[in-house]
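Visitor: I am new to this structure and would like to know what stands behind the words used for it. Could you show it to me first?

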Amino acid sequence: MSLREFRGQPVILAFYPADWSPVCGDQMTLYNEVLEEFQAFQAELLGLSVDGAWCHAAYARQNKLHFPLLADFEPKGEVARAYGVYDEKEGTCERALFVIDSDGIIHWSYVSPIGVNPGANGILSALEELKSKNEMAEATK
């Protein structure tokens, strides 16, 4: 999967350390619950961790997740490294959020303390800001 596939719409990248950990479970469950709010902005949500595809499949099935979980597994952490959120010491992703605009440019980002669920408010605020920016750009055309 590539960000190019999503050009023309916002993308939310939600990096998280690992499937099955308590904070990650709360975070991904919350995003699943507010998925319709993200989709109201035509935003695509993608969860990413260094866990493998089979682990993600079991985790998504168990938690009834309705958005893709991407395996940044091999080469391990390559995508997280590209975004500057790979923890070399732990061998996992940091808990980081990115809102990418329709042109593929990072509009907003946040790195949360590893043990803290960052919630959805920052993402929703960033999407609202992005929508307002786009509406203003359209109005001036």
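Visitor: What makes K64 exposed?

Guide: The relative accessible area of K64 is 58%. Exposed means over 50%, buried means under 20%, and partly exposed lies in between, with a 1.4 Å probe and protein chains only. K64 is therefore called exposed. Its place is in the loop between helix 3 (53-63) and strand 3, and its phi is near 55 degrees, a positive value in a residue other than glycine.

Visitor: How far can I rely on such values, and how are residues counted?

Guide: This is a predicted model, in which local features need pLDDT of at least 70 and side-chain atom pairs count only at pLDDT 80 or more, while totals for chains, interfaces and linings use all residues. Residues are numbered from 1 along each chain as its sequence is written, and side-chain values use heavy atoms, with hydrogens and water left out.

Visitor: Why is Q42 called exposed?

Guide: Q42 has a relative accessible area of 55%, and the cut-off for exposed is over 50%. Q42 is found in the loop between helix 2 (35-39) and strand 2. Its phi is positive, about 60 degrees, although Q42 is not a glycine.

Visitor: Is G119 buried or exposed?

Guide: G119 is buried, because its relative accessible area is 15% and buried means under 20%. The loop between strand 7 (106-112) and helix 5 (121-139) holds G119.

Visitor: With which residues is G119 in contact, leaving aside its neighbours within four places in sequence?

Guide: G119 is in contact with L30, Y31 and L97; contact means heavy atoms within 4.5 Å. G119 also lies 9.1 Å from D26, C-alpha to C-alpha, although the two are 93 residues apart in sequence.

Visitor: Which residues of helix 1 are buried?

Guide: They are C24, G25, Q27, M28, Y31 and N32. Seen down the axis of helix 1, these buried residues fall within an arc of 165 degrees, so they line one face of the helix. The arc is that of the directions from the helix axis to the C-beta atoms. As background, an α-helix has 3.6 residues a turn, so residues three or four places apart point the same way. The face of helix 1 turned away from the buried side carries the exposed residues P22, D26 and E33.

Visitor: Why is strand 1 called largely enclosed?

Guide: Five of the five residues of strand 1 (residues 11-15) are buried, so the rest of the structure largely encloses the strand. V11, L13 and F15 point one way, I12 and A14 the other way, and all are buried. Strand 2 is mostly covered as well, with five of its six residues buried.

Visitor: What makes two strands a pair?

Guide: DSSP must find at least two bridges between them. Five bridges join strand 1 to strand 2 (residues 44-49), and these two run parallel. Strand 1 also has five bridges to strand 6 (residues 95-100), where the run is antiparallel. I12 has L45 as its bridge partner in strand 2 and V99 in strand 6. Three bridges join strand 2 to strand 3 (residues 69-71), in parallel, with L48 opposite L70.

Visitor: How do you know that the radius of gyration agrees with a compact globule?

Guide: The globule rule is 2.2 Å times the number of residues to the power 0.38, and the radius is taken over C-alpha atoms. With 141 residues, a compact globule would be near 14 Å; the chain has 15 Å, which agrees. Of these 141 residues, 41% count as buried.

Methods: Helix = DSSP H or I, 4+ residues; strand = E, 2+ residues; numbered from the N terminus.
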